[in-house]
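Please find below a short briefing on a single protein chain. It treats the chain as a whole and then one residue in its setting.

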Amino acid sequence: MTVAPASDTAPAHPEPAGVDNRLVVGGVALTWRSLPTLTLPDPAAVLAHAAVHALTAARQHAVHGTELLLSTASRVDETMRTELLEAGFTVGVLDDAGVHLSVPARPRAAEPGRLWLLTSGSTGRPKRVGHTLDTLTTVRAEQPDRTWLCPYAPGTYAWWQVVTLSLTQPGQHLVVVEPDELDDWPTVAAANGVDAASGTPTFWRRTLYRDAAALARVPLRQITLGGEPVDQAILDQLREVFPTARISWIYASSEVGASIVVHDGRAGFPVDWLDRETPGRPTLSVRDDELVVTSPYHGAGLAGPIHTGDRVQVLDDRVLITGRLDSDEINVGGSKVSAGVVRGVLTGHPAVAWARVTGRRAPVLGRMVVAEVVLTPAGPADASVPDEGALVRWCADQLPEHAVPRRIRVLTEIPVKETLKSDV
């Protein structure tokens with residue numbers, strides 16, 4: 001990669017502690033230290049062409065503290081580029097030929113050390129949330145040596161979580177897969193000694209659906225899930241494949257940082273964690289069925305209780321996160337249905353690999369529950385493959401009558417976005 005000559009200005013910070021950790025990107029073994037030197041304008045919005053370009057920009061920020069927004073070009077449309085320029089960012093597309101810059105009409109002074117994240121846009125257009133390398137670095141205790149898989153899109157909160165771990169701690173190596181490698185990531189991971197991997201539930205479900213045998217050949221000791229509601233079915237499926245691995249699910253967002261970490265193999269978190277105030281840790285609350293978080297890892301200007309927009313259900317001794325408030329609740333003839341609860345029942349069927357549950361307009365009732373599913377692969381002689389009627393009966397055995405899906409459509413592939421989510 002050809003880049004602009006290095007600045008004569010001394011680095012603002014020492015090299016990060018993980019600078020000699022191994023990086024495998026595009027099949028090439030590197031270290032953080034051996035990445036190309038890059039000079040960026042300040043402030044800069046960098047749209048990375050490939051994973052190695054994003055890692056180069058991340059290391060540059062760690063050393064020089066340049067105000068930086070990092071993303072892929074596909075997540076930033078022309079309207080967003082205009083907004084960034086109007087906000088005083090120099091927008092640069094970073095590829096093998098270097099940095100191609102668009103300069104703002106009204107430049108502004110940079111904010112040293114500021115990192116900007118674009119939210120996933122699940123509630124509309126992505127918005128900017130300010131952080132620092134420190135607020136993004138939430139794993140601080142010494143860790144056993146690991147080789148991590150990073151499948152996330154550059155610049156997302158989840159991407160920074162894996163990247164900051166490798167940047168700040170010796171022994172935390174990184175194998176990065178590009179979008180066109182996602183279908184075959186278990187082969188890449190096994191070849192490079194990956195023993196820890198983080199992904200969304202959709203990412204794990206899709207991998208199990210495509211080639212569970214290849215996944216089982218990856219010597220995983222740590223499995224992490226986050227970014228979407230985590231139900232019992234996916235936790236149990238991963239435990240079956242990896243009986244000795246530690247399986248963790250994390251609740252995190254650009255706004256509140258990493259707020260919940262659960263290692264006990266159960267969906268949800270213990271109800272006695274609610275309203276527990278511990279110095280240096282997030283405080284979790286429920287207000288009108290919404291998760292509210294007060295976190296020391298919050299984004300800039302977001303101190304105090306943050307309404308997350310995520311709907312929760314308290315069931316016995318657990319607090320379950322079922323989905324977004326604006327999409328999880330379906331009103332069927334005056335009765336409330338949680339799409340997440342119905343989805344959990346469907347994915348609990350042994351033949352269902354993935355499910356999406358929504359509401360559809362209906363006469364008299366106003367709305368009715370409908371679903372889409374992807375079935376697990378079955379052999380040609382497998383008589384246990386359920387039809388729509390069998391899945392409806394499965395739901396009817398576990399749900400009140402008004403919550404049972406009236407239509408269930410079978411898809412042939414698990415849908416996934418660049419964020420590794422499927423918009424459930």
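The points that follow cover the overall fold and then the surroundings of one serine.

The structure is a predicted model. Its chain holds 10 helices and 24 strands. The radius of gyration is 22 Å, close to the 22 Å that the globule rule gives for 424 residues, so the chain is as compact as a globular protein of that length.

**Overall dimensions and packing**
- The C-alpha trace spans about 70 × 45 × 45 Å along its principal axes.
- Buried residues make up 50% of the 424 residues of the chain.
- Of the contacts between residues at least 6 apart in sequence, 62% join residues at least 24 apart.

- Ser259 belongs to strand S14, which comprises residues 257-262.
- With a relative accessible area of 10%, Ser259 is buried, because buried means under 20% relative accessible area.
- A polar atom of the Ser259 side chain lies 3.4 Å from the backbone oxygen of Val256.
- Beyond its neighbours within four places in sequence, Ser259 is in contact with Tyr251, Ala252, Pro282, Leu284, Val293 and Ser295.

Terms used: Residues numbered from 1 in each chain as written. Predicted model: local features only at pLDDT ≥ 70, side-chain atom pairs only at ≥ 80, totals over all residues. Heavy atoms only, no water. Helix = DSSP H or I, 4+ residues; strand = E, 2+ residues; numbered from the N terminus. Buried < 20%, exposed > 50% of the residue type's maximum accessible area, 1.4 Å probe, protein only. Polar contact = N/O pair within 3.5 Å; in protein donor to acceptor, adjacent residues only side chain to side chain. Contact = heavy atoms within 4.5 Å. Rg over C-alpha atoms; globule rule 2.2 N^0.38 Å.
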